[in-house]
Amino acid sequence: MLKAVQFGAGNIGRGFIGQLYAESGFETVYIDVDAVLIATINSRGSYPLRLVGSRGDTTDLTIGPVRAVDGRDIDAVAAEIATADVAGTSVGVKALPYIAKAFAAGINARAVAGALPLNVLLCENQWHAAAMVRDILTPNLTPTASAYAATKLGLVETVIGRMVPAPSAETLAIDPLLVVAEPYKHLPIAASMIVGDLPSIVGVEPAARFDAFEARKLFLHNAAHASLAYLAYPRHQYIWEAALDPAIRSVCIEALAESREALVAEYAFVDADLKAFADDLVERFENKALGDTVARVAADPMRKLRPSDRLVGAANLCVKHGIKPDALAVVIATALKYDNASDPAAVELQATLQRDGVDEFLKSYCLIEPNTILHSLIIEEMSK
């Protein structure tokens, strides 16, 4: 049986990637640091996955065979990677440095054994994740492993489209291993980053123009998701409530249309295809069964207001192609007002705005210069 080693047994690792591996005939070995989770996975050898559609349809699956290894046991992790047919990460960008030593130990073991190339699917929702991971790995590699990594290690970027919210208390009460997710099952990956032969994996879609798929995810999916969240706060608790609120939905759809037009201009997408993708997104956001919260989606507004991220980045792409980003400016202005006291980044945002003022924040942090159309639109909206 083929073996997949997956760093991270959380929402994406179990709620998405594990299903793809299982349906493709792999045994999945999870690398994690949660001792209780590791013990439970190993005692059962499988876990339940519940797929819930936006129209109330539900499918219950059992995902297996699976095992788990403690990520702090470097020798054990290295032994698993040494004999893996494919690997992946889904630990979150901030946690990547913590897996570097164990990951590198596995590459060292493969190099010594003269193993076949290994492709690693980077499921981190981060642009340029491959360069980031390679930078983290390199200091931990032996000279022999460095030579192996240069030609036989494929760090393959992916676009995660499936929505897998954090498990609710009710879900955990049913089964501590249960993951609830939507049924969306497409995983575009960067074809140019594959080294050697990648085993066939259900749902994995190698894309020659991967940058276009990354932009589509960020400026349609992520931008629309964030739009719903910021426009909904503090009136609504759940994303599905925001998606069904006529006033919020209208602005979200307008923002999607602006981003869609810019993406067509930049990447030569077929507009009808993008519209179908955007319409499907809105329907997916209505999924009440997911229980996705406004607070989760709106979290970390400082990151989401970066100049190349989902909101400002989409608006900048519009301006580049002569498209007036009216709705996106509304969302950016609303995001600037996000003051959730339980979110440290929101507290930091409000403190920074209070200290420096909106104009300076837009200029120094968002790189939006004064006397530009985007700056004017945002300021006008914030004054309302």
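N119 is a buried residue of this predicted model, with a relative accessibility of 2%; buried denotes under 20% relative accessible area, exposed over 50% and partly exposed the range in between, for a 1.4 Å probe and protein chains only. The model is a predicted one, in which local features need pLDDT of at least 70 and side-chain atom pairs count only at pLDDT 80 or more, while totals for chains, interfaces and linings use all residues. Residues are numbered from 1 along each chain as its sequence is written, and side-chain values use heavy atoms, with hydrogens and water left out.

N119 belongs to strand β7, which covers residues 118-122; helices (H or I, at least four residues) and strands (E, at least two) are DSSP runs numbered from the N terminus. A polar atom of the N119 side chain lies 2.8 Å from the backbone nitrogen of V195. A polar contact is a pair of N or O atoms within 3.5 Å, where within protein one must be able to donate a hydrogen and the other to accept it, and where residues adjacent in sequence count only if both atoms are side-chain atoms. Beyond four places in sequence, N119 touches V86, A87, G154, V156, M193, I194, V195, D197 and L198, a contact being defined by heavy atoms within 4.5 Å.

L118 is also placed in strand β7, and this leucine is buried with a relative accessible area of 0%. With residues up to four places away set aside, the contacts of L118 are I81, A84, D85, V86, A87, I107, R110, Y148, K152, L153 and G154.

L336 lies in helix α15, residues 326-336. The C-alpha atoms of L336 and I378 are 9.5 Å apart, and the two residues are 42 residues apart along the chain.

The cysteines may be considered next. A disulfide is a covalent bond between the sulfur atoms of two cysteines. With the criterion of a pair of cysteine sulfur atoms within 2.5 Å, the structure holds zero disulfides. C252 is in no disulfide, and the nearest cysteine sulfur, that of C318, is 14 Å away. C252 is buried at 3% relative accessibility, and C123 is buried with a relative accessible area of 4%.

The empty space can now be described. Rolling a probe the size of a water molecule over the atoms shows where empty space is left. On a 1 Å grid over the protein atoms alone, a cavity is a set of points where a 1.4 Å probe fits but cannot get out, whereas a pocket is an open set with protein on both sides within 12 Å along at least five of seven lines; lining residues have an atom within 4 Å of a point. Grid points are joined across faces, edges and corners, and a volume is the space filled by probe spheres set on the points.

The largest pocket has a volume of about 1400 Å³. Its lining comprises 40 residues, of which E124, N125, N222, R303 and R310 are the closest to the centre. At least two lining residues come from each of α1 (11-23), α8 (210-232), α12 (294-298) and α13 (301-304), and α8 supplies the largest share, seven residues. The lining divides into 14 nonpolar, 14 polar and 12 charged residues, where Ala, Val, Leu, Ile, Met, Phe, Trp, Tyr, Cys and Pro count as nonpolar, Asp, Glu, Lys and Arg as charged, and the others, Gly among them, as polar.

The second largest pocket has a volume of about 320 Å³. Of its 14 lining residues, D32, V33, V91, Y98 and I99 are the closest to the centre. Strand β2 (26-32) and helix α4 (96-113) are the elements that give two or more residues to this lining, and α4 gives the most, with four residues. By class, nine of the lining residues are nonpolar, two polar and three charged.

There are three cavities of 30 Å³ or more. The largest cavity holds about 70 Å³ of space and is lined by V159, G161, Y184, H186, P188, R216, K217, H221, F277 and R284. Helices α8 and α11 (271-285) each supply at least two residues of this lining, with the largest share, three residues, from α8. Four residues of the cavity lining are nonpolar, three polar and three charged.
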